[in-house]
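Keep the viewer open and try each task before reading its solution.

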Amino acid sequence: MRAIIFDFDGVIADSEPIHFAVFQRVLGEQGLFLSKEEYYADYLGYDDKGCFEAFLRTRGQPATPSIIDELVRRKAAAYMDYITQHLVIFPGVREFVRGAAARYPLAICSGALRHEIEYILDAADIRKAFAHITSAEDVRRGKPDPEGFLHALASLNRLRHGAPLAAADCLVIEDSLPGIRGAHAAGMKVAAVANTHPLEELREADVTLRSLEDTTALALERRLWA
């Protein structure tokens, strides 16, 4: 293991319930209802654009670029209103990230918007631990497409002076099936954290964890690259 790529929402930030509440609110203003069960089963792991597009299509609603852009704008504003008043980091994340950064280059690959990621990392005082962030603005296709993970890998390699990293050198830490499948499609190993889904729903990962409090990056390397 020579690098670690983290998902953000549901891995670093305890923000999936907030995303759901804001999606539900914005769609409700359009006269549409999104249930908690539907969100977690069908839309978790999408970026904002992909979530709105997929939801509107299932409801037979128009999903033009202008409609999607407006919904994304409203959702982002409501989300930022919340996170500026609440710190939403999972227990153990700071310690795991700081320990990992002492041994490996770290990156983020997330469907969240860059300013949301930056704000929460700064508030948690761990922004400097990450060499690179791939956010929703950097890719055309969200998870489960591997584009974001390959973008993060290429970006880490641009920052390196030694031998380039290969996909097989990277561990991805995820919390959803779209993320697990996207990382595997990119040729990377995956540790899945049961912050959002129960362990039994994450068995496609190479290893599953109840929490990042339960392990270290070095322990994961020894377990997966033994």
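Helices (H or I, at least four residues) and strands (E, at least two) are DSSP runs, numbered from the N terminus. This is a predicted model, in which local features need pLDDT of at least 70, side-chain atom pairs count only at pLDDT 80 or more, and totals for chains, interfaces and linings use all residues. Residues are numbered from 1 along each chain as its sequence is written, and side-chain values use heavy atoms, with hydrogens and water left out.

**Exercise 1.** Describe the surroundings of Lys-75.

*Solution.* 
Step 1: Find Lys-75 in helix 4, which spans residues 65–83.
Step 2: List its neighbours. Leaving out residues up to four places away in sequence, Lys-75 touches His-19, Val-22, Phe-23, Val-26, Asp-48 and Phe-52; contact means heavy atoms within 4.5 Å.

**Exercise 2.** Now characterise the whole protein: how many helices and strands does the protein have?

*Solution.* 
Step 1: Count the elements: there are nine helices and six strands.
Step 2: Consider the box. Along the principal axes, the C-alpha atoms fill roughly 50 × 35 × 35 Å.
Step 3: Turn to burial. Of the 226 residues in the protein, 53% are buried.
Step 4: Look at sequence separation. Among contacts between residues at least 6 apart in sequence, 62% join residues at least 24 apart.

Methods:
Buried means under 20% relative accessible area, exposed over 50%, partly exposed in between (1.4 Å probe, protein chains only).
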